[in-house]
Every structure is written in C-alpha cells, then in structure tokens.
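Let's take a friendly walk through the inside of a protein, one feature at a time. Have the structure open and follow along.

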Amino acid sequence: HFKNVSGKLAVVLEELGESRIRDLKPMALVRLRSRFTADGRSNRTANLFCDNTRSALTWAVETGLIAANPLQRLKRLPTTRDHQVYRRRALSEAEIRRFLEAAREDDERCELLAPDVRIPVTPFFLGLICTGARYGEAIQIRWGDLDFTRELLVLRAENTKSKRQRVIPLVDDLVEALRSLAVVHGERFGRLPASDALVFLTPMGDAWPWHTANIMRILDRVLERAGIPKLDTE
C-alpha cells in the first residue's frame with residue numbers, strides 16, 4: 001500500500017512541477033485523470049491519483065501545514081462495473097500449473113501469519129480457471145448452487161452477464177478443492193456452510209467486493225511468485 005500510494009503521489013508531483021499549494025487548481029488533476037482514462041486506464045485507477053493527493057492535502061490541513069485543501073470538492077469519476085477496464089491474456093498450461101502452485105504456497109505462507117483460521121484463495125482461483133466464470137459471477141456463487149453428486153455448478157441467471165443460467169460441469173480437482181474449502185469454512189465459523197452461504201470469501205472471511213482491488217493485490221503477488229508476466233511482452 002505504501003509503495004502504491006508513494007508511486008501515485010510521485011506521478012502527480014512530476015505532473016504539477018514546482019508550485020505552491022495555494023496556486024494548485026483542481027483542473028490540473030482533472031487533466032491528469034483524463035489523460036489516464038484516454039490511455040485505457042479505468043476510472044477507479046484514475047481516481048486513485050486524485051484521491052491520494054487529496055488525502056495528503058487533507059492531512060496537511062489537519063496538521064496545520066496549509067490553510068485549505070484546494071482539491072476538497074473535486075468530484076470523482078463514476079466507478080460502477082460498467083466503467084471497469086480489464087487487460088487480459090491467456091495462460092499456457094505450464095503457466096497455469098505454476099500459478100496454482102504459487103497460489104498454494106502463498107496461502108500456506110499467509111496462514112502462518114493469520115491470527116484466525118484463514119480462508120484460502122487458491123480454490124477461488126481454481127474455480128475461475130476451471131469454470132470460466134467471471135469475477136462478478138464467481139463472488140455470488142452459493143453452496144446451494146453446487147451439486148456435488150452430479151458434479152455441477154449452476155450460475156443463476158440473475159448473476160450472469162448474459163442474464164441466462166449456465167450449468168457448468170466440475171472437474172475432479174475443483175470438486176476436491178471445494179469440499180476442502182467447506183471444511184475450512186466450518187473451522188472458521190464453527191459450522192458447515194448453509195446452502196445460501198457464499199462459497200468464495202476473502203481471506204478474512206468476508207464477501208468479496210464488486211471492485212477488484214483486493215483480489216488484484218493477491219493476484220499480482222502470486223503472479224510475481226510464479227514468475228508470470230501480466231501482459232504479453234510482445
């Protein structure tokens with residue numbers, strides 16, 4: 001988090017150059033934000049540069065370093081699911097194996113540091129890979145949507161992008177991972193999950209948010225551990 005914020009503030013400072021706070025105009029940040037979106041970045045990412053700068057200036061006001069925050073009333077760009085930007089590339093079979101192994105190692109390392117029973121993220125990644133479900137679809141899967149007898153997953157129409165129900169067969173590795181995940185849920189919450197409980201939860205046991213920032217932090221960490229670049233080098 002520190003590296004991310006420091007990097008964004010450095011970009012803003014380079015853009016603004018040497019100037020006094022009292023001469024700072026919101027339009028300077030608006031132009032920077034517009035350039036980012038024009039380059040293909042999402043509204044949420046563009047907002048972060050302004051948010052971090054505004055937070056720094058708010059702290060400066062609270063500590064008496066400056067009299068007012070010139071960015072206090074700067075409005076944020078909308079950040080609904082319609083404004084998200086995704087960069088995709090396919091993984092090779094070898095990369096998938098390395099990725100899942102790195103994810104398991106990351107879960108094991110984080111489990112040692114967790115004060116409570118930690119929910120592993122590897123089953124979530126495995127579910128995305130094996131079912132082809134979108135992030136927004138996967139975070140809404142409930143245990144009642146799984147048929148372990150017939151080894152099927154039902155993605156309900158109200159949760160899919162196409163608004164059509166999809167029935168997806170489950171491979172053996174995913175079935176085993178989901179059964180183990182149910183046991184972990186039981187250890188964390190003191191009871192086996194009910195049919196209406198969410199299958200995939202954050203490591204802290206909460207529902208995943210609609211924005212992808214939290215899972216992307218874990219994804220970036222696992223990709224780095226596996227030595228897999230996010231984008232093609234060509």
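## Aromatic rings

Phe124, Tyr135, Phe200 and Trp208 are linked into a cluster by ring pairs. Rings of Phe, Tyr and Trp (its six-membered ring) pair if their centres lie within 6.5 Å; planes under 30 degrees apart are stacked, over 60 edge-to-face, and the rest tilted. The model you are looking at is predicted, so local features need pLDDT of at least 70 and side-chain atom pairs count only at pLDDT 80 or more, while totals for chains, interfaces and linings use all residues. Residues are numbered from 1 along each chain as its sequence is written, and side-chain values use heavy atoms, with hydrogens and water left out.

In total, the structure holds five aromatic pairs. Take Phe99 and Phe125: their ring centres are 5.1 Å apart and their planes stand at 70°, so this pair is edge-to-face. Phe99 belongs to helix α4 and Phe125 to helix α5, so the pair ties together parts 26 residues apart in sequence. (Helices are DSSP runs of H or I with at least four residues, strands runs of E with at least two, numbered from the N terminus.) Are these two residues buried or exposed? Phe99 is buried, with a relative accessible area of 4%, and Phe125 is buried too, at 5%. Here, buried means under 20% relative accessible area, exposed over 50%, and partly exposed in between (1.4 Å probe, protein chains only).

## The nonpolar cores

A nonpolar core is a set of buried Ala, Val, Leu, Ile, Met, Phe, Trp, Tyr and Cys residues joined through side-chain atoms within 4.5 Å. The largest one has 39 residues, and Phe124, Phe125, Leu178, Val199, Phe200 and Trp208 touch the most other members. Among the elements giving it two or more residues are α4 (93-113), α5 (122-131) and β2 (152-155). Which element gives the most? That is α7, with seven residues.

Apart from this core lies another, of 14 residues, including Val12, Leu24, Phe49 and Ile66.

## Empty spaces inside

Rolling a probe the size of a water molecule over the atoms shows where empty space is left. A cavity is a set of points, on a 1 Å grid over the protein atoms alone, where a 1.4 Å probe fits but cannot get out; lining residues have an atom within 4 Å of a point.

Of its 13 lining residues, Gly127, Thr131, Ile141, Leu153 and Phe200 are the closest to its centre. α5 gives the most to this lining, with three residues.

Technical notes. On a 1 Å grid over the protein atoms alone, a cavity is a set of points where a 1.4 Å probe fits but cannot get out, and a pocket is an open set with protein on both sides within 12 Å along at least five of seven lines; lining residues have an atom within 4 Å of a point.
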